[in-house]
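Dear colleague,

Please find below the structure that I am handing over to you.

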Amino acid sequence: MKTNLKQIKEKVIESILMLSSAATSITVILIVFFLFIEGAGVFSKKPIEDGFLLAVAADNPVKKLEPSQIKDIFDQKIKNWKEVGGKDEAIVLFRTSDISQYYTDEELGENFEYFPAKINELIAKTPGIVAFFSDKYKAKDFKGRELDIDRIKVFEFLSGEEWFPTAQPIAQMGVKPLIYGTLWVSFGAILLALPIGLAAAIYLSEIAKKRTRSLLKPLIELLAGIPSVVYGFFGLVVIVPLIQSLFNLPVGETALAGSVVLAIMALPTIITISEDAMRNTPRAMKEASLALGASQWQTIYKVVIPYSASGITAGAILGIGRAIGETMAVLMVTGNAAVIPKSFLAPVRTIPATIAAELGEAPNGGLHYEALFALGCILFLITFGINMLVEMVTNKQSHKKH
Amino acid sequence: MNRTKLFLILPLIGMLSCGKAKTENKETESNAAKVSVTIKGSDTVLPLAQKEAEELMKTNKDVSVTVVGGGTGVGLTALIDGTTDIAMASRDIKTEEKLKFSELKKEIEEVIIAYDALTVIVNPANKVSKLTREQLEKIFTGEIKNWKEVGGADEKIVAYSRESSSGTYEFFKDEVMDKKNYATDVLSLAATGAIVQAVGQTKGAIGYIGLAYETKEVKQLAVSYDQGKTFVEPSIASAKDKSYPISRPLFYMYDKTNAAKVKTVIDYALSPEGQKRVSEIGYIPLN
């Protein structure tokens, strides 16, 4: 009986362990699956709002317009059809709400039942019109011509330079500035955090006295426990004005501000992991080096650092991972203007910040919603690539050693 | 072996089922006694809705109100998905949102609870104190890039806007910018408070906020809608007599089938007591 109970206990524990690991793996796979299914949806859609159409007069020679051209037309930057390959004719914009300028409420009917006929009439008599209205108001004997709008292509999505996901009538889905913004901010963060983190790790593991170490280590680890939104606040109130006055800039919300905040956030990871790696250097190796007459500094950089190189890389790359995925702090300090950054002193918009700021308003299943998921996929691929890099680097290093 | 298993499992099942049954009972009881209403949406309406909810809960113990911000778009999306009872909105429903509601066969009731004036703010060090609508449009579409073009110092203009989820963003685009898109280099911040903070510490900054957020750290501009003939300062008085051009209604929106549940909240918002809170917060009461 006793042995039976013991066996059962072991079985139960075993199955709990198995279940939890299975559950974790399934969750991970499901999340990735979900992300890509939702994200891929954006490429089967047209950048125009579902159920809406753009129409021109039937005899207008323009057959097709690029999304950017449509945006410029509705922003009144392109004012004549000849600029987009048509006749020399001024462009007349028409949105559904403009109907009241042409017809009275009585003419349209109580529930807009005469709306289709009136739009028909309007398009027929205005040769330069480009009309944006709902499918519902398209008459059966429609006299205008619907403009062809291409589906969003992967290449255009990645290389487009304008991000106006809610623009009417055509959403501009170019993620290039967002990818650049993310990479710039993370790259800057690592450029700042790596030397400082490495120096601190060397000091803590090799130079500092035991008492200083026992005081400093918990402090640094505490840095990892501060919520990111607090870092964001600190950045907004302290770092942003500092950068502004230091570089005499018109605006302090820049990629650099984001990098500094992220560097501070990545420091504890880098320091803790690389310090652990350094402290794992066998005492015998260090003592052998010292016995051969090497100074302490020579020992550090000829013995300790090469020995712990894989740990240091792992720390650095995990730090970058945090920097790339960080949302709140970056959202608060980088200014979030979706332009391709020309320097560190220009505002940028990152992928995580975009997702966080816009997902709440994007109606479930719509174009904007799916575009944000596609952004998530890009972010996932970036961090996945970095993780693979870590695996490769650490594997390579350990092979060399043994 | 089977017996031991049974021994282990039976009491467990018993305990679990007992616990579950009890909690369920409690939930239904409290639901019957208390109506809990969720309000979600516009950050502009948020301070008002919060104040009103607090006062309402003080006087009426039968309702519990939860107020959540996020932006008009967030509130309306939640109303479409059915995760909120009332959506706060600082703009009218868009055509595509109307279509979404009609697809779901939901009828939406809009109630105007107050008016707000949109204030254009600059840094206090800025010499410019008035702008026309056309100038504002050109600043935010990126055509005017330097303050000296509108009579200020030789300083780069840094334009701040809200995120696109904000009703204020859409309202400003429709009313002031003639429906044109913002320039790509306009900075967008996630909250109105952040705009006040940023404009206060940036010399060449310009931004727009609801009247209730106005503080001493920023300077508000007079605006002209008639090509510069008359400039009007934003204030409660000028918004009330409609001489200030950039003012807008603030809404509570709800599903008509849900009317009975939200009645207390809506009634309070429209009552003289509720309207008093409107002026306390800094918005313009209905009459």
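The notes below cover the annotated segments, the contact between the chains and one proline.

Please bear in mind that this is a predicted model.

Annotated segments. An unreviewed UniProt entry lists "transmembrane region" for residues 12-37, 183-207, 219-243, 255-273, 304-324 and 371-390 of chain A. Two of these segments may be set against the model.

Contact between the chains. On chain A, 34 residues are in contact with 33 residues of chain B. The elements of chain A that each supply two or more residues to this side are helix 1 (2-40), helix 9 (228-246) and helix 15 (351-358). By residue class, the side of chain A that touches chain B comprises 15 nonpolar, 12 polar and 7 charged residues.

Pro285 of chain B. Pro285(B) is located in the segment that follows helix 10 (272-281) of chain B. Because 17 other C-beta atoms lie within 10 Å, Pro285(B) is classed as partly exposed. Leaving aside residues up to four places away in sequence, Pro285(B) touches Ala114(B), Gln275(B), Val278(B) and Ser279(B). Between Pro285(B) and Ile236(B) the separation is 49 residues in sequence, while their C-alpha atoms are 9.2 Å apart in space.

Yours sincerely

How values were computed
Residues are numbered from 1 along each chain as its sequence is written. Chains are lettered from A and ligands numbered from 1 in the order in which they are written. This is a predicted model: local features need pLDDT of at least 70, side-chain atom pairs count only at pLDDT 80 or more; totals for chains, interfaces and linings use all residues. UniProt positions are given in the numbering used here, feature names are shortened, and annotations may be inferred rather than shown by experiment. Two residues are in contact if their C-beta atoms, placed from the backbone, lie within 7 Å. Helices (H or I, at least four residues) and strands (E, at least two) are DSSP runs, numbered from the N terminus. Ala, Val, Leu, Ile, Met, Phe, Trp, Tyr, Cys and Pro count as nonpolar, Asp, Glu, Lys and Arg as charged, and the others, Gly among them, as polar. A residue is buried if 20 or more other C-beta atoms lie within 10 Å of its own, exposed if 12 or fewer, and partly exposed in between; C-beta atoms are placed from the backbone.
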